[in-house]
Amino acid sequence: MIRIRRVFTQLEDIRHEFGPVADRPLLRGAVAAVLRNPYAGRYEQDILALMDALQDVGLDLARRLLQALAVPAGCIEGYGKGAIVGAAGELEHGALWHVPGGYAMRESLGWKGERSAEARSADGTKDTKGARGRGQGANALAIVPATKKVGAPGCALDVPLTHINASYVRSHFDTIELRVPGAPAADELIVILAMSTGPRIHARVGGLAAAGISQWNGLR
């Protein structure tokens, strides 16, 4: 089911935004896989097979991105994900990336929860019993923000970034723009993961500081 045509990686060092040069540049990166959309050109009611198949893609992209950033997992402070669906697909096909992309990245950064907390019950509703209270690591506690769109080849997507342990840390509200030249074709899907090593380079709008996060508030 998974046929990847291209993998695209983007990295950037941000040293200043017209203010003082930072002692440590902000490193941001994103990785995207361009793959065939098996549901392109038709309406398919049951599309969850692709969500399951994308789990290995998520793990591979998370590994690739960490290697490209060339920093330990403990240096990652922000993350996000996104998807661009080719014109012959529908927005819901991009939504299939939420679970495999998000959990792959969180697990690569230290989260130790159970993916089954997001599994459907027999009647098709989400099982929410396990998301809180089960054994979890001390990192990547926050939900991974996401965006998605249907677009033409070469279109850009602004992928949101938030703090990995508390999504309401204002200093880490950010976006990274990504476009893959020549993709997606009408029958393709682009899935994207993004990470950053810190707050916006001149963050100064107050609010909860990253240093003030406690583990109990991570999944809010």
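This is a predicted model: local features need pLDDT of at least 70, side-chain atom pairs count only at pLDDT 80 or more; totals for chains, interfaces and linings use all residues.
Let me start with one result: helix 1 and helix 3 lie oblique to each other, where an angle under 35 degrees counts as roughly parallel, over 145 as roughly antiparallel, 65 to 115 as roughly perpendicular, and the rest as oblique. Residues are numbered from 1 along each chain as its sequence is written, and side-chain values use heavy atoms, with hydrogens and water left out.

First, the overall layout. The chain has 220 residues, of which 45% count as buried, and here buried means under 20% relative accessible area, exposed means over 50%, and partly exposed lies in between, with a 1.4 Å probe and protein chains only. Among contacts with a separation of 6 or more, 77% come from residues 24 or more positions apart, a contact being heavy atoms within 4.5 Å.

Now back to the two helices. Two packed helices are described by the angle between their axes and the distance between the axes. Helix 1 covers residues 48–69 and helix 3 covers residues 98–108, and their axes come within 8 Å and cross at roughly 40°; the axes are lines fitted to C-alpha atoms, for helices over the stretch in contact, and the angles run from 0 to 180 degrees between N-to-C directions. The crossing is right-handed, in the sense that the near helix is turned clockwise from the far one by less than a right angle, anticlockwise being left-handed.

Which residues in helix 1 meet helix 3? On the helix 1 side they are Met51, Leu54, Gln55, Gly58, Leu59, Ala62 and Leu66, and on the helix 3 side Val99, Pro100, Ala104, Met105, Glu107 and Ser108. By class, this contact has nine nonpolar, three polar and one charged residues, with Ala, Val, Leu, Ile, Met, Phe, Trp, Tyr, Cys and Pro counted as nonpolar, Asp, Glu, Lys and Arg as charged, and the others, Gly among them, as polar.

Helix 3 also has other neighbours. Its buried residues are Pro100, Gly101, Gly102, Tyr103, Ala104, Met105 and Arg106, and the buried residues of helix 3 pack against helix 1, strand 3 and strand 7. Just after helix 3, glycine 110 takes a positive phi of about 120°.

How many aromatic pairs are there? The count comes to one, under the rule that rings of Phe, Tyr and Trp, the last by its six-membered ring, pair if their centres lie within 6.5 Å, with planes under 30 degrees apart called stacked, over 60 edge-to-face, and the rest tilted. That pair is tyrosine 103 with tryptophan 111, whose ring centres are 5.0 Å apart and whose planes stand at 40°, so the pair is tilted. Both tyrosine 103 and tryptophan 111 are buried.

Tyrosine 103 also lies 9.2 Å from glutamate 114, C-alpha to C-alpha, the two being eleven residues apart in sequence. Glutamate 114 is in the loop between helix 3 and strand 4, residues 146–150, and is partly exposed at a relative accessible area of 38%. In that loop we also find alanine 142, which is buried at 0%.

Alanine 30, in strand 2, is likewise buried, with a relative accessible area of 0%. Not counting residues up to four places away in sequence, alanine 30 touches Phe8, Thr9, Gln10, Leu65, Ile176, Leu178, Ile192, Leu193 and Ala194.

Finally, the backbone. Most residues other than glycine have a negative phi, and most peptide bonds are trans. Phenylalanine 18 has a positive phi of about 70°, in the loop between strand 1 and strand 2, and is exposed at 81%. Alanine 70 has a positive phi near 60°, sits in the loop between helix 1 and strand 3, and is exposed at 63%. A cis peptide bond, with omega about 0°, joins alanine 183 and proline 184, the proline lying in the loop between strand 6 and strand 7.

Methods. Helices (H or I, at least four residues) and strands (E, at least two) are DSSP runs, numbered from the N terminus.
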